[in-house]
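Subject: Structure handover

Hello,

Here is the structure you are taking over. Please look through it first; my notes on what was found follow below.

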Amino acid sequence: MERIGLRIRLLKFFNRHPHTKAFGILLPCMFWIGVFFLLPLVFMATYSFLERALYGGVQLIFTWENYTRFVDPLYLKILLRSFRISFLTTVILLIIGYPMAYRIAMADKRWRNILLFLVVLPFWTSDLIRTYAWMLILRDTGLLNFLLQYLHVIKKPLTLLYTEGAILLGLAYVYLPFMVLPLYASIEKLDRSLLEAAEDLGATPFWRFLKVTVPLTKSGILAGSLLVFIPSVGAFIVPDLLGGAKAMMIGNLVQLQFGPSRNWPFGSAASFILMTIVLLAVFTYLRFAGGKEAMEEAR
Amino acid sequence: MEFTVELNRVTKKFGDVVAADNVSLQIGRGEFFSLLGPSGCGKTTTLRLIAGFEEPTEGEIFINNENVRDKRPYERDVNTVFQSYALFPHLTVAGNIAFGLERKKTPRHEMGRLIEEALDLVRLKGMGDRYPRQLSGGQQQRVALARALVLKPEVLLLDEPLGALDLKLRKEMQLELKSLQEKVGITFIYVTHDQEEALTMSDRIAVMERGRLEQVGTPEEIYEFPKTRFVADFIGVSNFFSGQVIRAEGETLLVRTDGNLDVTLPLDHGFTEGQRVQFSIRPEKFSVGPQGKGRDGENELVGEIANRIYLGGSIHYVIALSAEEKVTVFLKNERTAGQQPSFSVGERVTVSWHRDDSVILGD
């Protein structure tokens with residue numbers, strides 16, 4: 001009896017205070033984000049303004065040095081390379097991913113799921129292992145060089161591994177599903193009669209693609225590009241294994257600071273610099289590419 | 001006569017399904033031509049064949065006396081108004097109308113004028129900046145129309161364009177479409193399953209069923225002289241009879257129906273004694289009275305009123321002529337002060353009609 005009375009009183013209380021109720025529902029989620037996302041971020045922000053201790057960890061001395069240190073041609077070059085490679089990866093994946101997603105979306109219904117399954121299949125093994133596999137293919141005595149020599153296309157093995165090209169290949173390979181899936185989702189939703197209407201109004205296939213298909217699948221293009229670009233900038237397994245020391249990316253730099261160099265403050269500062277630039281880049285991109293739609297929506 | 005569109009023995013198969021079966025049509029310049037039939041009869045397929053969205057399995061299609069076999073839809077001088085309108089959601093009304101004009105490389109200044117004209121034509125002046133989703137169904141329909149008409153095609157194809165509108169708006173748009181078509185003088189090929197719509201608007205109608213053409217003719221021909229049972233049944237209401245030819249006599253064919261009624265039909269030399277014959281009579285062709293009028297060529301039968309539906313302007317009766325044979329009769333309500341009583345259920349009356357109002361049907 002007493003328990004039921006309590007329950008009813010509790011329900012009545014929640015009905016009178018809907019905000020408290022909403023807060024109650026959100027609590028677990030807020031706890032999760034707070035503990036596992038915000039708190040570490042606060043730690044990192046704090047660390048980035050402190051001096052390093054001799055054997056890892058920090059000393060409670062305020063300094064700007066971790067940020068000023070970054071303004072060094074060496075680090076700026078790494079940052080620039082990271083963005084260049086990520087940008088190229090995104091572009092390459094758009095070029096490969098769009099026709100792929102289009103083809104899958106237009107395929108016969110019973111083929112569609114099989115094809116999508118094939119796109120996602122590589123996810124089933126760790127990307128570490130898949131990247132190692134690429135090493136075996138690309139290295140001087142690897143599969144590709146062996147085949148080319150065997151077929152007498154080349155005499156001496158080509159340097160494929162530890163180049164920017166290898167990183168591009170690896171990133172494009174790892175992130176392909178991130179591009180194809182959102183593109184597929186938006187192309188699949190495309191109303192076919194719009195494509196017929198475009199053709200009916202005199203549009204050649206190319207013009208139709210440019211003026212109807214692309215604008216109407218913009219959400220997929222935006223989503224796919226962001227899903228590829230953001231993780232690519234911070235990637236470290238692929239550049240580490242396929243790029244080596246010559247083509248270091250910012251992810252490797254951060255990893256290096258937290259790992260072997262034991263310079264957590266500098267690693268934190270590098271992370272924050274990366275995060276800030278990525279956020280700025282994403283906002284600019286969304287404003288630039290998605291702006292018209294957003295404006296139109298606001299009307 | 002000059003034909004804008006000609007179909008020569010066109011067949012379209014989807015796997016084992018024959019969507020269009022040996023269809024031959026000639027559609028004249030400036031004609032309002034309707035393809036009428038129930039869903040799945042092949043009317044939309046026929047339209048899509050003309051537009052170029054489908055390729056015929058067999059046969060040829062000519063537009064302006066030119067074989068369009070190898071022409072893609074964007075190379076054909078036809079435009080389509082789609083059932084779903086298919087307006088581009090990311091473009092404004094003006095942008096939608098400009099879409100085709102841009103492809104035709106129309107100069108900028110002229111484009112603005114043409115768009116204004118087109119909007120004016122469909123009574124959407126000042127709506128150019130709106131987006132399709134901000135418009136009502138009827139307005140979207142007009143945009144679809146303007147978008148196609150602005151290109152001044154030889155032929156405009158319309159795929160049930162009024163299907164999504166409510167009844168009142170549909171009636172309005174029917175008249176509007178018809179007068180629009182007369183104004184622009186473009187050949188309209190209009191797909192509909194609504195017989196009334198087809199009768200209202202068309203110069204000629206092709207009735208289709210199971211991929212085949214049942215009959216092609218003016219609304220009057222189709223209604224008054226249906227060639228097949230399907231046409232007689234699909235368009236309007238018909239009373240069907242079947243029976244056996246007894247003999248030909250002068251201008252008439254003497255027939256005994258399966259319900260053992262002796263009636264006369266107009267003479268048809270295709271029939272000989274003993275042959276089976278099917279015919280139909282429209283419900284408004286009958287007259288009903290205490291006794292017949294005794295005109296020459298008149299059939300007179302006695303029946304009993306089985307059912308009566310009062311509709312105000314008219315009264316519908318079902319009259320039993322024999323145990324199996326009942327006819328539906330539409331009579332105008334001719335009641336004036338103190339006159340013309342209508343008939344009541346159970347009353348015995350004489351039903352009469354002229355033999356020439358019976359239409360002999362093919363299979």
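**The interface between the chains**

Chain B and chain A bury about 2100 Å² between them, and carbon and sulfur atoms account for 57% of that area; buried area is the accessible area (1.4 Å probe) that two parts lose on being put together, summed over both. On the chain B side, the residues that lose the most area to chain A are Tyr74(B), Phe99(B) and Arg103(B), together 31% of what that side buries.

This is a predicted model, in which local features need pLDDT of at least 70 and side-chain atom pairs count only at pLDDT 80 or more, while totals for chains, interfaces and linings use all residues. Residues are numbered from 1 along each chain as its sequence is written, chains are lettered from A and ligands numbered from 1 in the order in which they are written, and side-chain values use heavy atoms, with hydrogens and water left out.

In terms of contact (heavy atoms within 4.5 Å), 25 residues of chain B meet 20 residues of chain A. Two salt bridges are counted between the chains, a salt bridge being a side-chain nitrogen of Lys or Arg within 4 Å of a carboxyl oxygen of Asp or Glu. Arg72(B) forms a salt bridge with Glu199(A), with the closest N and O atoms 2.9 Å apart.

**Salt bridges within chain B**

Over all chains, the count is 30 salt bridges. Lys168(B) and Glu172(B) form one, at 3.7 Å from N to O. These two residues are four apart in helix α5 (residues 167-184) of chain B, and so are separated by about one helical turn. Helices (H or I, at least four residues) and strands (E, at least two) are DSSP runs, numbered from the N terminus.

Lys285(B) and Glu224(B) also pair, at 2.9 Å from N to O. Lys285(B) sits in the loop between β14 (276-281) and β15 (287-289) of chain B and Glu224(B) in helix α7 (residues 219-224), so the pair ties together parts that are 61 residues apart in sequence.

**A buried glutamate**

Glu325(B) lies in the loop between β17 (314-320) and β18 (326-332) of chain B. Glu325(B) is buried yet has no salt bridge, and Arg276(B), the nearest side chain of opposite charge, is 8.7 Å away. Buried means under 20% relative accessible area, exposed over 50%, and partly exposed in between (1.4 Å probe, protein chains only); for charge, Lys and Arg count as positive and Asp and Glu as negative, with His and the chain ends not counted.

Regards
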